[in-house]
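Dear colleague,

Please find the structure that I am handing over to you below. My findings follow directly after it.

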Amino acid sequence: MSSILHIALAAPVYGLFDYLPPGNVPEENLVPGQRLLVPFGRTERCGMLVSLSNQTSVARHKLRAAHAILDETPLMSREHLAFLCWVADYYHHPPGEVLLSALPVRLRKGKPPLVPRPDRIRIGDIDADTLATLERRAPRQWQLLCWLSDRGGSAGMRELRSRFDNAHGVMRALRNKGMITLGMADDAMLPLQQPQFSLEPEQAQAVAAVASRLGQYHAFLLDGITGSGKTEVYLRLAQQVLEQGRSILFLVPEISLTPQLISRLEKRLPGPMAVLHSGRSDGEREQAWQMARKGRARVILGTRSAVLAPVPDLGLVLVDEEHDASYKQQEGFRYSARDMALVRARRAGCPVVLGSATPSLESLKNTRDGRYKWLRLTRRAGTAQSPRMRLLDIRNQRLQGGLSPQLLQALEEVLTQGRQAMVFLNRRGYAPVLSCYSCGWLSDCPRCDARQTMHYRQRKLVCHHCGNERPLPSHCPSCGSGELHPLGQGTEQLEQILQQHFPDHPLVRIDRDATSRKGSLDHLLAQVRDGRASLLVGTQMLAKGHHFPGVALVGMVDVDGGLFGADFRAAEHMAQLIIQVAGRAGRGEHPGQVLMQTRYPDHPLLQTLVNEDYAAFTREALKERAQAELPPYSFQTLIRASATKAETAEQFLQQTAALVEKLAGREIQAWGPVPAPMQKRAGKYRSHLLLQAGQRGRLQEFLSTFVPALSTLPDAGRVRWSVDVDPLDLY
Ligand code: ADP
Ligand code: ZN
Ligand code: ZN
């Protein structure tokens with residue numbers, strides 16, 4: 001009896017699709033992990049072979065044969081397929097969508113794998129006469145050859161590109177003349193540079209603790225204050241793992257993936273590195289993915305989705321800034337890369353290190369329960385000292401563009417001493433609202449329950465939730481009055497005000513608007529690092545991982561916005577943000593100071609952070625969560641629904657709630673349906689139903705019968721619905 005192929009296809013179906021082998025293909029040529037072209041309705045699709053068996057629930061005569069095999073050798077190992085299937089199971093997401101989203105875009109579409117691109121250049125045989133002619137006729141080609149020969153005749157392509165403008169054109173010319181050859185590197189790209197300092201005792205202890213567990217699963221939380229040398233710990237561990245010939249998966253949040261970090265790793269770790277993140281072209285990502293898959297790169301550095309990349313011989317998993325929300329995918333396949341990193345390490349039998357200066361309450365709870373070993377770095381590395389934090393009470397103060405006299409004075413002092421200062425405000429644009437003084441009109445977004453933000457330089461009103469925009473009106477759209485005024489501040493306005501105040505001090509603004517072009521963030525960061533800019537203004541983009549040794553003062557314009565959030569995680573996120581922003585100060589020789597403007601100076605969260613520390617905050621917060629039976633003391637799943645009419649979404653969730661009632665035992669609680677905090681967004685009305693259980697296993701068990709049944713509900717076809725296991729925010 002012939003085999004049945006179980007194939008994953010990118011379709012919203014909870015299961016695999018069964019096919020017969022393509023005609024004339026001997027069975028031994030079929031291996032899980034290969035892509036196949038299969039008929040699908042009247043079209044053809046690219047799928048991934050997951051397994052073979054002689055079982056099927058489809059009537060035999062209805063089975064169709066696959067059209068063709070696309071890969072001779074499988075793109076994924078059986079272990080990796082099993083891991084991805086496990087992930088799909090855990091998130092109750094269609095396995096085909098999970099498996100195919102783990103492939104680079106071109107491969108997902110059925111295209112042939114790219115041929116590996118050479119990454120190394122070598123000098124060929126050239127006689128002296130030819131070289132002399134070249135010096136006169138083509139000085140740029142000559143320069144490149146000289147540079148190469150200075151480096152012993154070969155160099156990495158990436159370094160070459162960073163040294164020479166239009167390196168590509170020059171290289172092509174030389175190649176056509178046979179003066180250079182291109183090849184692949186198996187050896188180091190750059191000469192390694194190891195630092196001279198020795199580890200602080202706490203760092204050494206952390207390294208020793210993890211190193212003693214290499215070759216087996218063990219989870220660690222590296223809880224180290226900003227600047228305490230966590231990255232140094234990762235690097236020392238990575239070196240040991242590389243020496244054993246195994247690979248390292250290093251996850252970082254979206255924004256910390258700067259060339260600064262990449263070059264820091266390249267200088268310290270031998271061998272090629274695969275960098276996986278969304279800022280790269282599809283081709284670049286595929287090349288990196290292939291390097292990882294084939295084990296040509298032993299260091300795999302990437303953001304969220306890198307956790308799904310194939311990495312043979314995995315020896316260590318690192319998750320930097322583990323508390324960061326960007327590890328959670330917030331749409332489509334909603335997975336947590338941080339959580340999956342742990343699963344991955346367990347399956348691979350290797351240690352995993354979660355690092356942060358502000359660990360999540362989930363991870364802290366896991367250390368208490370003994371599931372993770374807690375490693376602490378309590379001092380800043382080298383000579384740097386921790387910053388001092390102070391609250392500025394701005395009740396009854398005359399503010400200038402949101403800035404109090406005390407903050408302006410502190411900025412003045414620091415700047416006149418020739419040091420750098422940073423002003424933080426987590427709101428981009430010029431002002432969060434435009435209002436009419438005559439009739440009270442506000443710049444509401446027509447598609448959301450939100451206001452459109454005023455962007456002054458672009459002369460636009462833009463909704464930050466749905467992207468809807470319109471030209472900045474000169475007169476009130478409602479009453480025609482010319483009395484239109486911005487309310488509140490954003491970073492764009494702050495930039496303007498600070499420039500007026502401190503015209504002699506060059507300023508750099510860092511937010512999503514200022515850094516939308518590729519490479520602009522690095523360009524701006526470089527101006528801060530080399531001291532050309534003395535004032536920095538920005539949003540939370542500034543908070544993440546950057547190292548600004550010269551910054552002596554950090555001013556936070558408005559910390560009140562986050563104090564009273566509706567979400568039970570609001571306080572945790574606010575505390576993390578404050579500590580991370582504060583951590584940018586005084587990383588150099590001088591101790592830094594942090595000033596926070598607030599109208600609630602007695603707020604317990606602020607008091608705890610200023611008078612005690614983040615650890616004290618987390619102890620309190622964990623107590624509150626335990627009392628309220630909220631995560632991490634319980635487990636949640638959020639069912640979201642949206643539709644063009646509010647009633648439709650509500651109705652579907654009512655049916656969902658009835659289904660919960662029918663299927664669930666008493667261990668599962670359901671709350672709702674309720675409208676989402678921002679009910680209307682991008683023209684759709686959104687509601688949700690929250691499920692909670694005291695045990696993860698119970699919730700999982702329930703979801704495995706409940707989720708597949710959702711699509712059979714009467715209104716399932718009339719709404720957009722989704723399942724979010726371990727939701728991070730309830731919006
Ligand atoms: P973190 O990742 O915790 O923010 P880093 O590893 O980036 O900290 O270290 C902060 C700075 O301190 C870096 O410039 C690093 O080179 C330096 N550093 C790290 N460990 C030591 C050490 N043991 N002695 C001296 N300087 C160190
Ligand atoms: Zn008006
Ligand atoms: Zn909108």
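Ligand 1 is surrounded by 17 residues, where a residue counts as near a molecule if one of its heavy atoms lies within 4 Å of it. The closest are Ser198, Gln203, Lys230, Thr231 and Arg264. This is a predicted model, in which local features need pLDDT of at least 70 and side-chain atom pairs count only at pLDDT 80 or more, while totals for chains, interfaces and linings use all residues. Residues are numbered from 1 along each chain as its sequence is written, chains are lettered from A and ligands numbered from 1 in the order in which they are written, and side-chain values use heavy atoms, with hydrogens and water left out.

The shell around ligand 1 comprises four nonpolar, eight polar and five charged residues (Ala, Val, Leu, Ile, Met, Phe, Trp, Tyr, Cys and Pro count as nonpolar, Asp, Glu, Lys and Arg as charged, and the others, Gly among them, as polar). An N or O atom in the side chain of Thr231 is 2.6 Å from an oxygen atom of ligand 1.

The zinc ion (ligand 3) is coordinated at 2.3 Å by the SG atoms of Cys445, Cys448, Cys463 and Cys466; donors are N, O and S atoms within 2.8 Å of the metal (3.2 Å for Na, K and Ca), and water is not among the atoms, so sites may look incomplete. In sequence, these donor residues follow the spacing C-x2-C-x14-C-x2-C. Cys463 counts as buried because its relative accessibility is 2%, whereas Cys466, at 22%, counts as partly exposed (buried means under 20% relative accessible area, exposed over 50%, partly exposed in between, with a 1.4 Å probe and protein chains only).

Yours sincerely

Definitions and conventions
A polar contact is a pair of N or O atoms within 3.5 Å; within protein, one must be able to donate a hydrogen and the other to accept it, and residues adjacent in sequence count only if both atoms are side-chain atoms.
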